[in-house]
Amino acid sequence: MFPSRSHHFSILNLRFGSKEAFLVGLAMLLLAVTICILHYGAASKIQDKPLRHMVLLENTGGTRLEWETDGLGEVLMSLVTDPRGRGALLGFSERGALELADLVVFWSGHDGEMFFADAWTDKDGMVHLDSQQDYKLESGQYSRDQFSITFRRKLDTCDPHDYHIDDGTTHVFFSSFNRPFSSVEEINLKELPHSLRMVQLAGYELPNPLFSPSVSSLEIIVPNVTIPQQETTYWCHVVHVGMTRKHHIVMFEPVIYPGNEQLVHHMEVFQCDPALEPPAQYSGPCDTGMKAKSLSSCRHVLAAWAFGAKPLYYPEDAGLPMGGPGFSPFLRIEIHYNNPLLLDNVSDSSGIRLHVTPQLRKYDAGIMEIGIVYSPRQAIPPSQAVFTLSGYCPSSCTSTALPAHGIWVFASQLHTHLAGRKVFTHLFRAGKYVQTLSEDAHYNSSFQGDLLVTSCEYNTEDRDIVTLGGFGISDEMCVNYMHYYPRTDLELCKSDTSLTHLHKFFSFLNNYGKEDICMCSQMSVIDQYKQINWTREENIHLLRAFYNISPIDVHCNTSFATRFPVNWQALPLPDVPPSPSPSHNCNTSSLLQP
């Protein structure tokens, strides 16, 4: 059992069996600035005030992780779990790997004493106590139903055994155990069941605004859908919204049907084109032939959410317009279900909750989609540790579509599929690097006539066939939804490899690479990519070189998928200057070592 009246917490549990072990143990004690012993009384309670963010760590039960950052480089975390176990651990690692993971562990010894420590795993997954204790125990509370422990750490501890928490996605895994341990070295991580979650632990923290009484909520959800028993499904549903007066969306958030948190991959809400015939009522797979053709006109994005994303609040002086003259009352919600276990008879009523007000703000906000067109012209060879693809929003598009005074970007939502490892958008102006937009969820950056490059790094070491761009979960995407104001007509600025030059690349492989790729007109790009022998390293090098020089087709589109009246075909690849590499502000000489 977790602590009762007679139990206490120690930050370290050390047993010395040799002179070397004693010296290491002594050093660890010196490094632990706060050696905490917390006594628990029967009246101890779970803290009443939850932290700012929360994620459930298991599909069943109430185990959860709460956290918030202080804006000064530290994160405060609280783990709440079942009090009937003998210990638990949280792990932070690349892609949730059990090897080379950063751990915070609390456990019960054989005599009932409770311990808390910073630990790590080696390349074999073996657990070790960290010589630099960077997790600081704040408090622990328990009741008959729950046990919680609160601790803090720096986002970047400069400890090689600690995970560097940045603004991107953090993979967190959780394990609990029901037997006592004398030390963390007795814990075999690979023998413990664990659950994995992807969250954004860090980022720019904004206080949740206090909405006026005029703000109401509107849920756009799919009605009692049975998720198909297949890995990838895009489900479309048409909703009629009777809103004759113009409103501003000031916040939106996901509504996930309980139990389906791991199945709902991403969601989007689109406005239909008011100039066209209203779409027929429809609820079904987006790719079926039964879908009304008029649904293709429902393309203007109102809200977008992806797995792990937080609710999005608009700035106090901007809101996304909805309703009123020129606004179609018909909306389409599209949900991407990821069902790799092929679960059957799973019902879902998920969607997005919009918070709207008739009290209009100063600016109309907009959403701009940048990155790579969803297209099989982009390919990632198999067995690659790192392979990078980039999408371009050239200055020819931003100077055509954006106002002379520029726009203000206030939020960014990045998205790939399973092979994606890193996503970043770089801003270039007059041939020089300006900043990396995707490193901050809230930034003030006005641009007009600038180049935006969205790059995605992929890992396909677990795949033996080529990965292509597309909508399936095993296909890949590279997209950034940028939220900005004032609103313009530009909604999409993405690029794709020129099809004409891609066919020249296939022909080159045939003539000089001794490949046998069918160049017949009925052969699709997908099949041509699959005919390439990717076990030959030179083919992979040639593909990288091709993407670095190939002209691009640019999609510079208005809100309803029409392109601005410029020739966007086979444009020269923009000249992209080098971007600075991220650096850590670590003074290694000041680090305490055993």
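**Exercise 1. Identify the residues that make the nonpolar surface patch of about 310 Å² in this predicted model, and classify the exposure of Phe508.**

Solution. The patch of about 310 Å² is formed by Phe508, Tyr512 and Leu542. Next, place Phe508 in the secondary structure: this residue belongs to helix H3, which covers residues 499-512. Finally, consider its accessibility. The relative accessible area of Phe508 is 35%. Partly exposed residues fall between the buried limit of under 20% and the exposed limit of over 50%, so Phe508 is classed as partly exposed.

**Exercise 2. Determine whether His355 is buried or exposed, and list its contacts beyond four places in sequence.**

Solution. Begin with the location: His355 sits in strand S25, residues 351-357. The relative accessibility of His355 is 13%. Because buried means under 20%, His355 counts as buried. Then collect the contacts, leaving out residues up to four places away in sequence: His355 touches Val215, Ser216, Ser217, His248, Ile249, Val250, Met251 and Glu253.

**Exercise 3. Describe the second largest pocket by its volume, its central residues and the strands that supply its lining.**

Solution. The volume comes first: the second largest pocket holds about 870 Å³ of space. Its lining comprises 40 residues, of which Phe270, Arg299, Glu334, Tyr374 and Phe471 are the closest to the centre. Now assign the lining to strands. Those that each supply at least two residues include S16 (232-240), S18 (264-272), S23 (330-338) and S30 (407-415). Strands S36 (479-485), S37 (492-497) and S38 (552-557) are also among them. Strand S20 (298-306) belongs to this group as well, and S20 gives the most to the lining, with five residues.

**Exercise 4. State how many cavities of 30 Å³ or more the structure holds, and name the residues lining the largest cavity.**

Solution. The count is one cavity of 30 Å³ or more. The volume of the largest cavity is about 70 Å³. Its lining consists of Ile372, Val373, Tyr374, Ser375, Gln378, Leu389, Tyr458, Gly469, Glu476, Met477 and Cys478.

**Exercise 5. Summarise the protein as a whole by secondary structure, burial, contacts and surface.**

Solution. The secondary structure comprises five helices and 38 strands. Of the 594 residues, 53% are buried. For contacts between residues at least 6 apart in sequence, 75% join residues at least 24 apart. The accessible surface amounts to about 27400 Å², and carbon and sulfur atoms account for 53% of that surface.

Methods: Residues numbered from 1 in each chain as written. Predicted model: local features only at pLDDT ≥ 70, side-chain atom pairs only at ≥ 80, totals over all residues. Heavy atoms only, no water. Helix = DSSP H or I, 4+ residues; strand = E, 2+ residues; numbered from the N terminus. Buried < 20%, exposed > 50% of the residue type's maximum accessible area, 1.4 Å probe, protein only. Contact = heavy atoms within 4.5 Å. Areas by Shrake-Rupley, 256 points an atom, 1.4 Å probe, with all protein chains shown as cover. Patch = residues over 30% accessible without salt bridge, like charges linked within 9 Å, V, L, I, M, F, W, Y side chains within 5 Å. Salt bridge = Lys/Arg side-chain N within 4 Å of Asp/Glu carboxyl O. 1 Å grid on protein atoms, 1.4 Å probe; cavity = no way out; pocket = protein on both sides within 12 Å on 5 of 7 lines; lining within 4 Å. Points joined across faces, edges and corners; volume = space filled by probe spheres on them.
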